Amino acid sequence: MAAAHASLLAHLDAARDSNTLSLAYASIGDEGCNPVARFVRDNSLLKSLDLRGNNIRADGAVVLAHAIKNNDSLQSVCLKWNHIGSHPRGIQAICDVLKTNKTITQLDLRNNKIEAEGGAALAEMLKGNSTVTHIDMSWNDLGVEGGKALLEGIQTNHALLDCQLSGNRIAEDTLHAIAYLLRRNRMQSSTGASLGNSLPAQNLDSSFNPQNMNNSSATTQMMGTATPRGRDGRSSPLAQAGAGLIGDTSYMRSTGGAGGSPTQSPPQSAPSAQQLAHQNFNQSTPQRGARDVSSDEMALKLLQRERDFANTEDARFFGEIAEYIDLLQLDVARNKKYRMDSEERERVVTKGFMEREMRYAAEMRELEQLLAKAKADKDDLIREVDHLNNEIERVKTEKNHTIQDRLKLEEIARATADRLRCDIRDGLTVKADLETEIYKVKRRQQEEEEENQRLRTYLARCKEDLEKALR
């Protein structure tokens with residue numbers, strides 16, 4: 001655990017000068033959200049945050065929401081494959097922050113087990129937010145009630161362009177209504193002031209009636225299949241739709257969309273509109289940078305014809321043409337965004353290269369100074385080594401003289417020791433002889449004392465006998 005925390009801190013420290021932070025599938029959990037939140041709060045360059053597959057639950061989402069609130073540069077947040085819906089407070093905290101956020105445009109909450117309460121929180125966020133343009137809520141559990149709440153929030157939101165809702169068990173009519181509102185927002189975004197003068201937003205909202213829309217299977221699944229995905233490796237439906245429309249003009253007549261069933265041919269007015277749409281596309285493709293006014297007018301007419309349809313086939317036909325034009329416009333906007341992101345990354349990378357080059361130049365100067373100092377130190381060390389070698393030779397010579405003197409002294413000591421040992425042996429021999437003589441003398445003295453004692457005893461007895469005789 002400590003090693004994982006240290007690795008996370010090291011990764012954050014390495015990314016402190018980057019505008020992108022990716023911790024995909026790092027399994028940081030709620031505990032790892034605290035250092036990530038500090039990084040997001042303190043990094044003013046951060047634009048993209050990717051925390052997919054990290055087992056982040058509601059508590060971690062609350063911590064991240066507080067950090068996002070204090071960041072004024074973040075534009076994209078990816079939290080897919082987590083568990084933010086474990087408690088309503090997780091998604092509620094994120095939505096409360098996004099309500100007033102002015103920079104985040106993309107939010108990815110795929111597969112987070114978000115339920116109907118989360119859908120209501122998202123709806124309230126969309127009512128107050130005018131910045132988020134892309135939301136991915138695929139494979140959650142919003143249900144029928146969550147879908148209705150989300151529809152209510154999108155009705156008053158004119159900034160959201162893409163909302164993925166696959167796998168949420170939302171009613172088909174709700175999905176189709178949301179698709180219509182998103183198409184309305186994309187049309188307003190592409191036409192700009194021209195659409196504001198010709199077809200005000202309130203007119204679209206007031207004329208919108210989900211009961212009049214076609215409920216075919218292709219339309220109800222539009223949120224999951226018809227909107228282009230990002231750069232995540234999936235094939236773009238834009239390429240499929242473009243190949244179908246340009247390569248075969250009977251595509252829209254014979255099918256109801258990506259997965260629809262064959263239908264009857266539309267009225268006679270439909271082919272002319274289709275040809276006009278193809279002509280407008282062919283004219284506008286070479287000059288995407290400067291959109292022609294006729295493209296906006298054609299898109300406006302198609303949206304009006306879809307609203308005022310005569311029968312279901314006509315409505316489906318014009319709706320699919322309008323959807324194809326929306327896909328092309330989204331593709332143009334996405335390419336512009338990618339180009340701007342690439343230019344921003346190139347600017348940041350170039351700035352980093354220049355800073356690193358200046359730092360490397362300073363380091364090279366320091367290294368050159370250190371090299372000169374090292375050479376001077378090397379010369380000093382060479383002189384010192386020569387002096388030490390001379391001292392070593394002198395010491396060796398003295399050592400040899402000392403060894404010779406020691407050998408001489410050892411010879412003298414051995415000779416002296418031998419002479420002393422001889423003297424000691426002679427002394428011991430003399431000592432033994434003297435001890436023998438002393439023993440003999442002591443023995444004679446003892447014998448003389450015994451003889452003296454015997455004589456004294458004899459004299460005493462003689463004296464007694466003499467005294468007896470005299471008496």
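At what angle do α4 and helix α5 pack, and how far apart are their axes? The close-up views below, all taken from a predicted model, start with that pair.

**View 1. Helices α4 and α5 packed together.** The angle between α4 and α5 (residues 116–128) is about 5°, and their axes are 9 Å apart. Angles under 35 degrees count as roughly parallel, and α4 and α5 are therefore roughly parallel to each other. On the α4 side, look for P88, I91, Q92, C95, L98 and K99. Their partners on α5 are E117, G118, A121, L122, E124, M125 and G128. Sorted by class, this contact has seven nonpolar, three polar and three charged residues.

**View 2. Helix α4 with its other neighbour here, α3.** Now find α3 (58–69) beside α4 (88–100). The axes of these two helices, α3 and α4, come within 7 Å and cross at roughly 10°. From α3, the residues A58, D59, A61, V62, A65, I68 and K69 meet R89, G90, A93, I94 and V97 of α4. Eight of the residues in the contact of α3 with α4 are nonpolar, one is polar and three are charged.

View 3. Rolling a probe the size of a water molecule over the atoms shows where empty space is left. Searching the whole structure in this case turns up four cavities of 30 Å³ or more. The second largest cavity holds about 50 Å³ of space. Which residues line the second largest cavity? They are A65, I68, V77, L79, I94, V97, L98 and L107. Both α3 and α4 supply at least two residues of this lining, and the largest share, three residues, comes from α4. What classes do the lining residues of the second largest cavity belong to? Eight are nonpolar, with no polar and no charged residues among them.

**View 4. Helices α6 and α7 crossing.** The crossing of α6 and α7 is left-handed. G147, K148, L151, I154 and Q155 make the contact from α6, while T174, A177, I178, L181, L182 and R184 make it from α7. In the contact of α6 with α7, six residues are nonpolar, three are polar and two are charged.

Note on methods:
Residues numbered from 1 in each chain as written. Predicted model: local features only at pLDDT ≥ 70, side-chain atom pairs only at ≥ 80, totals over all residues. Heavy atoms only, no water. Left-handed = near helix turned anticlockwise from the far one by under 90°. Helix = DSSP H or I, 4+ residues; strand = E, 2+ residues; numbered from the N terminus. Contact = heavy atoms within 4.5 Å. Nonpolar A, V, L, I, M, F, W, Y, C, P; charged D, E, K, R; others polar. 1 Å grid on protein atoms, 1.4 Å probe; cavity = no way out; pocket = protein on both sides within 12 Å on 5 of 7 lines; lining within 4 Å. Points joined across faces, edges and corners; volume = space filled by probe spheres on them. Axes fitted to C-alpha atoms, helices over the stretch in contact; angles between N-to-C directions. Parallel < 35°, antiparallel > 145°, perpendicular 65-115°, else oblique.
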